[in-house]
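Q: I would like to go through this model with you. Could we take the sheets, the helices and a few single residues in turn?

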Amino acid sequence: MPHLKPIKVISVVDEEPTVLQNREENQPLSPMARMFHEPESNVYIVTMIGFKSKINPEVVKANLEHSLLKHHRFSSLQVVDEKIEGGLKWVPTKVNLDDHVIVPNLEPKLIDSPDKFVEDYTSSLSQTGIKMSMPMWDLHLLNIKTSDAESVAVLRVHHSLGDGTSLMSLLLACCRKASDPNEVPSIPSVTKKIDSKGHSKRFWPYLLFKLWLFWNTLVDVVMFIATALMFVRDTKTPLKGELGNGCLPRRFVHRSVSLDDVKLVKNAMNTTINDVMLGVTQAGLSRYLNRKYGQLNIINGLSERNNNLPNNIRLRATFFMNLRPSAGIQELANMLKKGSKAKWGNQIGYLIFPFTIALRDDPLDYLREAKVAMDRKKASLEASFSYFLSKSFLKFGNKAASFPSETTLWFSNVMGPEEEISLYGYPIAYVAPSCSGQPNGLMIHVVSYANKMTFVLSVDDGLIPDPHQLCDDLEESLHLIKNASLLKDIN
């Protein structure tokens, strides 16, 4: 299989190595990158990539030289230096791919359940870290057929190297269209809704909007600080783990649903795809917890009812937001340009998003509630405040610089490729990114790929022993909401 041409990362990749090294050497890690090294948030991004064919490790390694290693973050050490701000700096190094590309010797005939094997293997990665004496990433190639792929690659990257938007841009730069191996994938387009009349052209609406923004931000900041200081805590539920479980083993599972079904609901309800996924998540969590509380009732000698949920459950998510001025995925070359507004790195803030846990007669009520909550959050600067606060705490060495541990879960989403793509000539069946090392017992990540939308769960193995059941509840919730939206159109 021929090697791909080098990806267009930025003009400096064609410079002499010494020039590039001088440009990158001694650059300190950003505050958000350092935050992912804090004890309670030493986070790795773990991405499972399913392929439609077997993969040749030697072909992959040969192509990594021309693609991934062209990016300085993947060929630099994070070196301790107390003389610089933050105490960590990037130092370019020569990468030995044999240290980063791991190919286990597998005997597929001796493996009873390939799906379970891949789950267990990926889970084992959450129990180990990557040494700082090498660039903090590795790639595991598993030539084993599962229910949804012919082979699987697991890319583990320390979150200090970049956020989900950055890594998705890098993935797209390394890939080609499955339909045309000479064409790079299309960049997913995102359009921001803008009031064509413009608030600024009308004084009173503009003033009211600013007052509303100020009030929402004030309320959210107070609640954010109260949560960070543990004055406000989520209700103890079967999904709420104990503090400090970021170092506990994680299990990663995923479930794909039809993106067309999601778009159907979106159009019927005049919402966004993000609103739909939040509504489905709210419905799925409610179904799962109702079943769990019913089981607890039986254990305690009580009868199981249709509605077993306690009243007034407080269940919130640490919801991550892309703070770049340009929404969505950007071209990698643009992200790496000096002075770019959509620059590479961890350009993320987070907000506290409340899920309403209840059983609804009308499944569309889950979506309506989620939309109201998210519209309210959009009219707030909470995410920007969290980014500023984290940078300020880290600048002064404050140990309070960590992600909220009193929320029940983390929630994140990222837009993926719009068409099917191939990596180094191998067609991709699915992409399932998640995280390990976070201080919560559950993370739900949502990613789109071609005509699919995938829920990816990262769970504390001891807290949530049945993550596939939660996947079932999320999938069933989408079906119920879709059917309700179709009935709404008929009526």
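Predicted model: local features only at pLDDT ≥ 70, side-chain atom pairs only at ≥ 80, totals over all residues.

Q: What is the strand order in the open sheet of six strands?
A: The order is β9-β16-β15-β12-β10-β11, and the pairing is mixed.

Q: Which strands stand at the edges?
A: Those are β9 (250–258) and β11 (348–355). Each has a single partner strand, so one side of each is left without a neighbour in the sheet.

Q: And the twist, what does it average from one strand to the next?
A: The average is 20° from one strand to the next.

Q: Let us stay with β12. How many bridges join it to β15?
A: Six bridges join β12, residues 409–414, to β15, residues 442–449, and the two strands run parallel. Within this pairing, S412 has H445 as its bridge partner, and W410 stands opposite M443.

Q: In which sense does β10 pair with β12?
A: β10, residues 315–322, pairs with β12 in the parallel sense, over three bridges. There, F319 of β10 has F411 in β12 as its bridge partner.

Q: Is β12 mostly covered or mostly open?
A: β12 is mostly covered, with five of its six residues buried.

Q: Moving on to β14, how many of its residues are buried?
A: In β14 (residues 426–436), 10 of the 11 residues are buried, so the strand is largely enclosed by the rest of the structure.

Q: Which strands are joined to β14?
A: One of them is β2 (residues 44–51), joined to β14 by eight bridges and running antiparallel to it. In that pairing, V431 of β14 is the bridge partner of I49. Another is β13 (residues 421–423), also antiparallel to β14, with two bridges.

Q: What do β13 and β14 form together?
A: They form a hairpin with two residues between the strands. In the turn, Y424 has a positive phi of about 55°.

Q: Now the helices. At what angle do α8 and α9 pack?
A: α8 (residues 259–269) and α9 (residues 273–299) pack at about 100°, and their axes are 9 Å apart. That angle makes α8 roughly perpendicular to α9.

Q: Which residues meet there?
A: From α8 they are L259, V262, K263, V265 and K266, and from α9 they are I273, V276 and M277. By class, the contact has six nonpolar residues, two charged residues and no polar ones.

Q: A change of topic: where is H159?
A: H159 lies in the loop between β7 (151–158) and α6 (164–174).

Q: Buried or exposed?
A: H159 has a relative accessible area of 7%, below the 20% limit, and therefore counts as buried.

Q: Which residues is H159 in contact with, leaving aside neighbours within four places in sequence?
A: The contacts of H159 are F36, V43, Y44, I45, N346, I348 and C435. Of these, Y44 and I45 fall within β2, I348 belongs to β11, and C435 is part of β14.

Q: Is C435 itself buried or exposed?
A: C435 is buried, at a relative accessible area of 6%. Another cysteine, C471, is buried with a relative accessible area of 1%.

Q: How many disulfides does the structure hold?
A: The structure holds zero disulfides.

Terms used: Residues numbered from 1 in each chain as written. Heavy atoms only, no water. Pairing = 2+ DSSP bridges. Helix = DSSP H or I, 4+ residues; strand = E, 2+ residues; numbered from the N terminus. Axes fitted to C-alpha atoms, helices over the stretch in contact; angles between N-to-C directions. Parallel < 35°, antiparallel > 145°, perpendicular 65-115°, else oblique. Contact = heavy atoms within 4.5 Å. Nonpolar A, V, L, I, M, F, W, Y, C, P; charged D, E, K, R; others polar. Disulfide = S-S within 2.5 Å. Buried < 20%, exposed > 50% of the residue type's maximum accessible area, 1.4 Å probe, protein only.
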